[in-house]
Structure formats: structure tokens, C-alpha cells
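Subject: Structure for you to look at

Hello,

Here is the structure I promised. Please open it first, then read my notes below.

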Amino acid sequence: MLAKNKINSFLRQFFIIVCILFTCLQSSANASADIMKPLISDITKMYMSSMVYIFINQPLINQKGGDKGDLFGERFIQNIKQTYFAKYDEKFPLEDHLAKRALLEAMVEVMNDNKALIYDDEIGFKGIIPATFAFQLSAKLATKGVGLKIKFTRTEKNIRNRLNKPDNWEKSIMLKIIKKPQIYYDDNAQLNGKPAIRQFTPLPMAPYCLACHGSPKHNPLNKNRKKSDWTNIDITGFEMENWTMNDFGGGVSISIEKSVFQ
Amino acid sequence: MISLRKETIYVALFYFFSCAVTSQTIKIGVVDYPPHVNFNEELDKSPLIKYMNSVLLPLNYSLEYIKLPRVRASVELEEGRVDILMPIPVIKDSIMTLSSPLFYAIPGLCFKKENFIPILSATHRFNDLMIGFPANSSLVFALKDSKANLIPLMGENAVNRGIELTQRGRFDAFYHPSPVQVYHRNTPKYKEVACSYFHGYSTPIYVAVANVQIYKLLNTAYQKALSEQSYEYYFANRDI
């Protein structure tokens, strides 16, 4: 009888402990989700704002001479913050996480890497466009070891930079959303063989995309030229793809290792 | 007798303190790597020297910078004539480095300005171009796989000769393992060539150390400094 009571008491205690542990784990998982999803969303929007800023400032980047201080250092970051506000009608996120700070630092460093070119008055088109800026940013972040990976990618066919080819996760997500583009969030993915959260944010095709990816009529190089003299090579040196506003514009793929949240 | 002992003690003390002072000096070998370390100006003005001073001076050692030619630099380190050597890519497994790179070198192509190709992922634009490269450097896949005519240049001075040949129009372009060394605003070459980069193919550049003792002495301070402000970010905020 005594032994039976002891077993019952042990089982009761065991059950209570399991319940407490389960509740703790559950709330910890919820807390992580509460942090992870907004973080990945903030990073996506910061990244996209920087691409927009680079697009808007093509004349400044490519002009010969003049003050280009807006493109460097703290002034560059302030301008991205303003672009973010204009684009999303909300305040720029707090720089309260290592990944966000690493992204902002990488932006400044990438522009500095291009400083000699940007100030080179003998070169017109500098090749610093949203897509190349985004790729440079991704490459820079990859060296920082902060568990954050950012990529501006698209379906594999016709991708211009082979280093931007989608991985298997990105391919599978694009397949799912290509007909009806929407943000795809996955909190059970992998990055570098480690547990990670990932998000794919499709980018709608915009008129400025067509300047390079559209048809010769969109090509600024053909402006004021007879149709018979039009070229289908865009300003970056690639053959234009003849995409239209109805085509899939690719998207921003962001992955963050879960260890970053611990 | 007593006086002799005293003298011996004084000599011993003098010897002890001289050794102590010697051991309090860190000998830093530096190679020319503009714009990070620029031998054409006072060394103290180079951004990497300024950064490393801020890392190392709080350790209360005196720092002695020794300019070294690139070809002999790693031998000086391996033979213990300098305690640390920077900035260098790691080309031998036997060379020990501090645990994180200082920065990354991105390879690229340098052109005469009128032939400039800004985006190097457009590899079809290399078709039939005569592109020189230093024979001892490993080329990036994008270039190796292109239809350019790749011409190796031998010798220790291959990079400088390659740039000159490009300026003279003998090459359409020259592959440089780190074009920032010739294409930055503080060099006369800036007026003569323009370089673009193979982004995504970078090589880490380190501070190498002579032995484990030096590593232990410096690495904690170095990591602390990096966590406060990385060298790359520090450099990006200089007006260079």
C-alpha cells in the first residue's frame, strides 16, 4: 500500500514537472516567433528601401562631378531611413538587433567599396544599380558571420548572375507563389545546415525593371534612335529578356539562423 | 668585495630592465597595401595603422612598425624577426593568424577607362578580349569559364607590369587580386585605369602572428575592438 502511494506521488510530481516544462517551452517558442517574424520583416524592408534609394539616385551615382556625399557613411543611412519612411509610411525600425546593425554597416561598407568608381569623372554609367547593389550587400553580409543571408533572386531560367541562382528552398517557394505572389514565411527551415527562419518576399515588376529586362522599346539607350537602330542590349551589357509588367519580378529571400535569437 | 657585488647587481638589474623593455615592444611587419597601408605617405596616416594603434596601444606595449617587401614578409614572420605581420592573405597553412580577418579582398578587372566594363557578371562581354593575369594568382571561375584570351604574366612584379600593359593598350584588361590597391582616389593610377569587381569571390586578409604567445596576447584585444567597430566599418568612414 505504502509502495503504491509512493508510486502515485512520484507520478503526480512527474506529471506536474512535465506540464511546467511543456508550458515553458511553448511560451519560449511563442516568444521566439514574436521576435523572429518582425525581425525578418524589418530586415526585408530595410533591404528593399536601400534598393529603392539606389534606383532613385541613379542620376547622382552616374553624374560626373558634384557632391556625392549623400551616398556615403551616416548620410547614406539617413537617406535610406527617409526612403523607408516614404515607402512604408512607418518609422525606421529600431537598431536593436545585431542583424539589423550588421545590415546597416554592410550598406555603408558596400558604398565605400564603390567610392572610387562613383567619384570617377571619366566613367558615365557606373553599374551600381539596385540589383548589383543588392548582390554586393549579400556578398558583404556573407563575410560577416552573423547568421544572416540576403538574396535578391528569381526563377533560375534567365538569371543574369549565376551566383544569384535560387537554392532548393527558394525554387520550391517560387513554384508555390509564382501564380499568386505573396510573402512566404518558414520558421522551420535550414541555413548552412543549421535551423533557420526564412522569408521570401516577391517583388512586383515595376516600370524601372523593364529598362533592363523589358523589350527594346523600354531601353533608355534607344531613346531618340530610329526603330531600325534599336538595340536589345541594355545599359549593363546584357540581352534584354522581353519581360512585361505581368511577369514575375523575383523576390527578396532572407534567412536568419535561429542561433542568432539565443 | 662588497662594491664588486653591488656592481654585479647593478649590471644584472640593468640587463633585466633592458630585456624587459625589449620584450615590451611588439614588432609589427607591414606590407604595402594601399589604401589600407600606404608606403607612399607617412605610415601613421594609413588607416590600418591608426586602427591597429587603437587596438594595441592600450596593452601598454610600445609598437615598432617595420616596412617589409611583400616577397620577404612571411619569412620575416616565420623566422621570428617580427611578432605580427599585416595585412596578408593566408597562403601557407603554417602561418597563424588572429581569429577574424581584417577585411576581404575582392578580385576584379582593371581597364583603360574608355574600355570599362562595370558589371563583371556579364561575362559574355569578355569574349575575345586579351586579359592578362599574374601567373601565380588563382582566377575566379567566372573569368576562367569565359571566352577571354587569358595571358599569364610571370614574375614578382607581374601586377604592376600588367597594369602598365593595360594602360598602354597591350591588354584589354588586367586581372588584379585586389584592384582597390591601384583604384582608389589617393593614387596616380586612379586617373589612368578604372576597375570593377568580381563580387561574391572574396579572399580574407588577416593579421598574422609569429607564435601562440603573441596570439594569446593580442587576440582578445583584437576581438574586443572588432566587436566595438570592425576595421571595414572604420575604413568605410574615412575620407579615402
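Of the 240 residues in chain B, 48% are buried. Keep in mind that this is a predicted model. The accessible surface of chain B is about 12300 Å². Carbon and sulfur atoms hold 54% of that surface.

Next, the fold. Chain B has seven helices and 11 strands. Its radius of gyration is 22 Å, while the globule rule gives 18 Å for 240 residues, so chain B is more spread out than a compact globule. The C-alpha trace of chain B spans about 90 × 35 × 30 Å along its principal axes.

Now the contacts. Take those in chain B with a separation of 6 or more: 69% join residues 24 or more positions apart.

What about the inside? In soluble globular proteins, nonpolar side chains tend to be buried together. Here the largest nonpolar core has 80 residues. Which of them touch the most other members? They are A:Ile256, B:Leu109 and B:Phe198. Helix H1 of chain A, residues 2-56, gives the most to this core, with 10 residues.

Look closely at B:Phe198. Beyond its neighbours within four places in sequence, B:Phe198 contacts several residues, including B:Leu109, B:Leu120, B:Phe126 and B:Tyr175. B:Pro107 and B:Gly108 are also among its contacts.

There is a second, separate core of 33 residues. Among its members are B:Val55, B:Ile84, B:Leu102 and B:Ile214.

Last, the charges. Chain B carries 24 positive and 21 negative ones. Their mean positions are 1 Å apart.

Best wishes

Conventions. Residues are numbered from 1 along each chain as its sequence is written. Chains are lettered from A and ligands numbered from 1 in the order in which they are written. This is a predicted model: local features need pLDDT of at least 70, side-chain atom pairs count only at pLDDT 80 or more; totals for chains, interfaces and linings use all residues. Side-chain values use heavy atoms; hydrogens and water are left out. Helices (H or I, at least four residues) and strands (E, at least two) are DSSP runs, numbered from the N terminus. The radius of gyration is taken over C-alpha atoms; the globule rule is 2.2 Å times the number of residues to the power 0.38. Buried means under 20% relative accessible area, exposed over 50%, partly exposed in between (1.4 Å probe, protein chains only). Contact means heavy atoms within 4.5 Å. Accessible areas come from the Shrake-Rupley method with a 1.4 Å probe; for residues, only the protein chains shown count as cover. Lys and Arg count as positive and Asp and Glu as negative; His and the chain ends are not counted. The place of a charge is taken as NZ of Lys, CZ of Arg, CG of Asp or CD of Glu. A nonpolar core is a set of buried Ala, Val, Leu, Ile, Met, Phe, Trp, Tyr and Cys residues joined through side-chain atoms within 4.5 Å.
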